[in-house]
2 protein chains.
Amino acid sequence: MKRKGILIVVSGFSGAGKGTVMKELLNCYDNYALSISATTRKPREGEQNGREYFFKTIEEFEKMIAKDELIEYARYVGNYYGTPRSYVEKQLEAGKDVILEIEIQGALKVKKKYPETLLLFITPPNAKELKRRLIGRGTETMEVIESRMRRAAEEAEGMSDYDYIVVNDHLDICVEETHNIIQSEHNRVFRNEDLMNQIEEELRGEAKGE
Amino acid sequence: MKRKGILIVVSGFSGAGKGTVMKELLNCYDNYALSISATTRKPREGEQNGREYFFKTIEEFEKMIAKDELIEYARYVGNYYGTPRSYVEKQLEAGKDVILEIEIQGALKVKKKYPETLLLFITPPNAKELKRRLIGRGTETMEVIESRMRRAAEEAEGMSDYDYIVVNDHLDICVEETHNIIQSEHNRVFRNEDLMNQIEEELRGEAKGE
């Protein structure tokens, strides 16, 4: 029986290390595909179209919205960001588990449209560690760090809307836990209706002595 | 933060091999405890009180019912079978994941009383394989085998009430999947409210610059 892929949304506080976790997950296992977002923001130094993002003009992006070609989209600091549907659906059909890295509002929109979506939230073990990591990056002013911490405090209220929480304390453990969670989800009863119907039918046949 | 144990009910068709899977699971990993049922049926050759079952008189058993000392109980072919509460709760408090091997009616009763119970259903890959295993035991008449197959056909209708389905095709894989499912369940959001509240509180504190 062909196994269908699972759509997974991964969110987490800025500084939780979810980018690194996803990179490791894709390095270590070959059944995952990472969704690539479309955006109207300008490419940064070193970013490639089709790798970090699909870079679109506002006109192109709004055409995608009109044609319902995006699973979700949002406007953030004047730019559009969205998830192209076709790539995701193609990968799911091929049996890949597809990961979207988006924030909470987008996550809830996706779950509403695709109720079987798996929502994962990645968090550092505690707030002090989050702050330590943001400072450790060395790329941001204290002001930006404080604003990220305030944002995290807001986002934390949304954690309970997720299905699973994964603590990113040790990278290897976090990657393995994330992998196990996703793979275990393949055993959920509601994802195995075909298998159950088949067994039920066979058993009815056997019971009748067919 | 102390991790609380999960209560797990494992069911499956007679002949699905769930006894072997549970034995292997307890052999391979040390965070599990198997619940021992109380029964009024007579011990069979080689069975020990407190190992296979707690053997009770009908009077003793009915006293346990009256004192609400059983998580669930049922009468089956004239005998009582039930799950003593105290052992289960002690193990859960100690952080052990406690496994009850009971059939579907009992499973649903437990889930109603303890909504956080995890329900696992173990099945062979198909009905032919189930029959083959029942015949392979060599201990049962064809009549008994046919009646077990009919019972399986009835039980199959209850599969959709479970949380997860695990196919027991290769024992090692089945044991590993079962283990991963249970461990992944520890990451479920509703099992981590303390952790989430703690992080939320800390973040609020940090955001205020405390």
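Over all chains, the count comes to 30 salt bridges, a salt bridge being a side-chain nitrogen of Lys or Arg within 4 Å of a carboxyl oxygen of Asp or Glu. The structure is a predicted model, in which local features need pLDDT of at least 70 and side-chain atom pairs count only at pLDDT 80 or more, while totals for chains, interfaces and linings use all residues. Residues are numbered from 1 along each chain as its sequence is written, chains are lettered from A and ligands numbered from 1 in the order in which they are written, and side-chain values use heavy atoms, with hydrogens and water left out.

One of the salt bridges joins K113(A) to D68(A), with the closest N and O atoms 3.9 Å apart. Because K113(A) belongs to helix α4 (residues 104–113) of chain A and D68(A) to the loop between α2 (58–66) and β5 (70–76) of chain A, the pair ties together parts that are 45 residues apart in sequence. Helices (H or I, at least four residues) and strands (E, at least two) are DSSP runs, numbered from the N terminus.

Chain A can be laid on chain B with an RMSD of 0.0 Å by a turn of 180° and a shift of 0.0 Å along the axis; the superposition is by least squares on the C-alpha atoms of residues with pLDDT of at least 70 in both copies. The two copies are therefore related as by a two-fold rotation axis. Among the residues of chain A, N180(A) comes closest to this axis, its C-alpha lying at 3.0 Å.

The contact (heavy atoms within 4.5 Å) takes 43 residues from chain A and 43 residues from chain B. The area buried between the two chains is about 3600 Å², with 63% given by carbon and sulfur atoms; buried area is the accessible area (1.4 Å probe) that two parts lose on being put together, summed over both. In chain A, the residues losing the most area to chain B are N187(A), L203(A) and E206(A), together 18% of what that side buries.

In chain B, strand β5 (residues 70–76) and strand β6 (residues 79–84) run antiparallel and are joined by 5 bridges, where pairing requires at least two bridges found by DSSP. Within this arrangement, R75(B) stands opposite Y80(B) of β6(B). The hairpin of β5(B) and β6(B) has 2 residues between the strands, and V77(B) takes a positive phi near 50° there.
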